[in-house]
Every structure is written in structure tokens, then in C-alpha cells.
Amino acid sequence: METPNKVKPESNPAEAEAHIKSAHQILKALQEKIGMHPEIGSAITKLEMALNVLAIKTGGVL
């Protein structure tokens, strides 16, 4: 059985990073349009944390 922490060869961290960055930009733009909202702020924070986890798991090779 494979451990969940192990990166699968077919997974693409760079693609994941691109999706996270895109979502981050969309949420930031939405936040600028509607103003500060706790749920949007929380989503942005979670995306930033996910990006940091990816960077750590890939040794910064994103």
C-alpha cells in the first residue's frame, strides 16, 4: 500500500502550482471587487498554505 505522503510519478507539481496560483489570483480579484469577506480571506490563506506545502514536498522545485 502506498503512503499518501509519497509523490506519484504521474503527478505534476508544476501543474498543481499553476492551478493554485490561478485560483489565488481569481480570489484576490474577487476580494478587490466585493471588499473584505471572511470566507474569501480564508480561501486565500488556505491556497497560500497549499502552495507552501507543495513547495516543501517538492523541495522547492516548482
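The protein chain in this model exposes about 4900 Å², and carbon and sulfur atoms supply 61% of that area. Keep in mind as you look around that the model is predicted.

**The chain as a whole**

- The protein chain has 62 residues, and buried residues make up 18% of them.
- Take the contacts in the protein chain with a separation of 6 or more: 50% of these come from residues 24 or more positions apart.

**Helix α1**

- Helix α1 runs through residues 13–34, which makes 22 residues.
- The buried residues of α1 are P13, E17, I20, H24, L27 and Q31. They cover an arc of only 95 degrees around the axis, so they sit on the same side of α1.
- Here is a handy rule for reading such a list: an α-helix has 3.6 residues a turn, so residues three or four places apart point the same way.
- Turn to the other side of α1 and you will find H19, Q25, I26 and K33 exposed.
- Just after α1, G35 takes a positive phi of about 90 degrees.

**Helix α2**

- Helix α2 has 20 residues. From its first C-alpha to its last, α2 reaches 28 Å, close to the 28 Å expected at 1.5 Å a residue.
- In α2, the residues I40, I44, L47 and L54 are buried. Their arc around the axis is only 85 degrees, which means that they lie on the same side of α2.
- The other side of α2 has P38, E39, K46 and I56 exposed.
- Just after α2, G59 takes a positive phi of about 70 degrees.

**Where the helices meet**

- What covers the buried residues of α1? Part of the cover is α2, residues 38–57.
- Looking from the other helix, the buried residues of α2 pack against α1.
- The largest nonpolar core has 6 residues in all: I20, L27, I40, I44, L47 and L54. Both α1 and α2 supply at least two residues of this core, and the largest share, 4 residues, comes from α2.

- Start with Q31, which lies in helix α1. Is Q31 buried or exposed? Q31 has a relative accessible area of 11%, and because buried means under 20%, Q31 counts as buried.
- Which residues is Q31 in contact with, leaving aside its neighbours within four places in sequence? They are M36, I40, G41 and I44. Among these, I40 and I44 are also buried residues of α2, and both belong to the largest nonpolar core.
- Next, look for A16, which also has its place in helix α1. The relative accessible area of A16 is 27%, so A16 is partly exposed, a label for values between the 20% and 50% cut-offs.
- A16 and L51 are 35 residues apart in sequence, and their C-alpha atoms are 8.5 Å apart in space.

Terms used: Residues are numbered from 1 along each chain as its sequence is written. This is a predicted model: local features need pLDDT of at least 70, side-chain atom pairs count only at pLDDT 80 or more; totals for chains, interfaces and linings use all residues. Side-chain values use heavy atoms; hydrogens and water are left out. The expected span of a helix is 1.5 Å times one less than its number of residues. Buried means under 20% relative accessible area, exposed over 50%, partly exposed in between (1.4 Å probe, protein chains only). The arc is that of the directions from the helix axis to the C-beta atoms. Contact means heavy atoms within 4.5 Å. A nonpolar core is a set of buried Ala, Val, Leu, Ile, Met, Phe, Trp, Tyr and Cys residues joined through side-chain atoms within 4.5 Å. Accessible areas come from the Shrake-Rupley method with a 1.4 Å probe; for residues, only the protein chains shown count as cover.
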